Structures are given as C-alpha cells and as structure tokens.
Amino acid sequence: MSTRRSTPSSPAGSGFALDIDNLGRRPGSMKEIQRTVAAPTRIGLDAIAIEAGTPVELDLRLEAVSEGVLVTGTVRADTAGECTRCLEPVTGSVDLYLTELFAYPDSVTEETTDEDEIHRVLDDRIDLEPVIVDSVGLELPLHPVCREDCEGLCPECGVRLAIAESGHSHDILDPRWAGLAAKFGVESEPSTELVNNEVEEK
C-alpha cells in the first residue's frame, strides 16, 4: 500500500476524482467503476511514460470500511518513450493492481497518522491521480530498451549499431600526430604505441 498523501490535484470533473457520497459511510457498501479517461498530464519517468491524453482504463471496486474507503482494482494504459541505448521509440503498456485505503475525515486512522502516511477522503470524493502517479513511477523501467540485445549507438559516429555495416569500426588517430595530420592532409595510421607506453608506465 502506498504511503504518500493524497492531496487532491484532479478537478471534480476529472476521471481520476471519484465521488463516494453514495457509499454513505456504511461499512460493506460498495460500488464498481469501469471507465476510460484521458491522462490529464504526462505520467511516468523521463525516458518512458503515459503521455498526456492517453486513454487510461480503470476497473475498480470502492468499498466502505469502518475507517474509510478501500479501493481495489486495475489500471491500464499504453506507454511511450525512447530506448536508453539507441534512442529509438519504445512503446508498451503498464498494468497496475491497486489496493489503497482513503481515510475518512475525523476517523481514528486519519487522526493517528501523519499527513504523508495515508490518503484521505476530502469533500466526499477521492483523488486517484497521486496514487496512479506513484504506482506508475514504480512500475516503469528506469532504463527502457527497444529489445534486450540492443547494441546501442556507435560511440564514435553515433550510428545505430543495429543498422551499421558488419564489422563497423573507426581508426582512432594517435592524438600526438592529429595536429600534423590535419595540417598536411595526411591520413595517419592508427597507433597503439601511446597505449603501450601508458601501460608500461603504469
């Protein structure tokens, strides 16, 4: 269960702000919600996220308990980003299962927990947006890749190694002769002497 505070950030008309007044604080009363709403903002990480406007599918059950409203169910949405190795577009989806308690005002739970320890029911509604934001951030990979064996980019020229010619490589010019080679337009052969000297010195 998340331990972050639910500070309402979604407007009353948002699909993430759910009205619970018909539960009436009657333990055992329940309602089911199945809807698809547009993500109000980008939700996720720098490299991959649910983009703003992407449909988010909610399939939830809201159940009144003695201390608040227990929300359980699934949240699903498509994701988009870029491979952190080769920078190519990456698409996918995120599927979350939520189990979250929203405490009633003046309940024992509300009075005995700090503001950042549990979500709250405010003005007879609950705001799922902070819950979804936290959960998506934990579910998505920090370093998404287009495929597990992605070779990334050539460090010398930046070409994607997946589409580079077989045996793609670069001659590394000995930096001691780079100035002279450029001045006289002479192509210097790659040298390993500098490397060997450095190894011997160590």
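Helices (H or I, at least four residues) and strands (E, at least two) are DSSP runs, numbered from the N terminus. The protein has four helices and nine strands. Their order from the N terminus is β-β-β-β-β-β-β-α-β-β-α-α-α.

The model is predicted: local features need pLDDT of at least 70, side-chain atom pairs count only at pLDDT 80 or more, and totals for chains, interfaces and linings use all residues. Residues are numbered from 1 along each chain as its sequence is written, and side-chain values use heavy atoms, with hydrogens and water left out.

Start with the overall figures. The protein exposes about 12300 Å² (Shrake-Rupley method, 1.4 Å probe; for residues, only the protein chains shown count as cover). Carbon and sulfur atoms supply 48% of that area. Of the 202 residues, 35% count as buried. Buried means under 20% relative accessible area, exposed over 50%, and partly exposed in between (1.4 Å probe, protein chains only). Contacts are heavy atoms within 4.5 Å. Among contacts with a separation of 6 or more, 58% involve residues 24 or more positions apart.

Now turn to the core. In soluble globular proteins, nonpolar side chains tend to be buried together. A nonpolar core is a set of buried Ala, Val, Leu, Ile, Met, Phe, Trp, Tyr and Cys residues joined through side-chain atoms within 4.5 Å. The largest one here has 37 residues, and Val56 and Leu62 have the most contacts inside it. The elements that each give two or more residues to this core are strands S2 (30-38), S4 (48-50), S5 (55-65), S6 (68-82) and S7 (89-103), together with helix H2 (129-139). Leu62 touches, among others beyond four places in sequence, Leu18, Ile20, Leu23, Ile33, Val69, Val71 and Ile126.

Next, the strand pairing. Two strands pair if DSSP finds at least two bridges between them. S6 and S7 pair in the antiparallel sense over 15 bridges. Val75 has Leu96 in S7 as its bridge partner. The two strands form a hairpin with six residues between them, and Leu87 in the turn has a positive phi of about 70°. S7 also joins strand S8 (residues 119-120), running parallel to it, through two bridges. There, Ala103 stands opposite Arg120.

Is Thr72 in this model buried or exposed? Thr72 counts as buried because its relative accessibility is 13%. Thr72 lies in strand S6. Leaving aside neighbours within four places in sequence, Thr72 contacts Asp59, Leu60, Arg61, Tyr97, Leu98 and Thr99.

Last come the charged pairs. Side chains of opposite charge can pair when their charged atoms come close. A salt bridge is a side-chain nitrogen of Lys or Arg within 4 Å of a carboxyl oxygen of Asp or Glu. The count comes to five. In one of them, Arg61 pairs with Glu63, with the closest N and O atoms 3.8 Å apart. Arg61 is partly exposed at 36% relative accessibility, and Glu63 is partly exposed at 23%.

Arg76, Asp78 and Asp95 are linked in a network of salt bridges. Asp78 and Arg76 meet at 3.4 Å, N to O. Asp95 and Arg76 have their closest N and O atoms 3.7 Å apart. This second pair links distant parts of the chain: Asp95 is in strand S7 and Arg76 in strand S6, 19 residues apart. Arg76 is partly exposed at 30% relative accessibility. Asp78 is partly exposed at 41%, and Asp95 is partly exposed at 48%.
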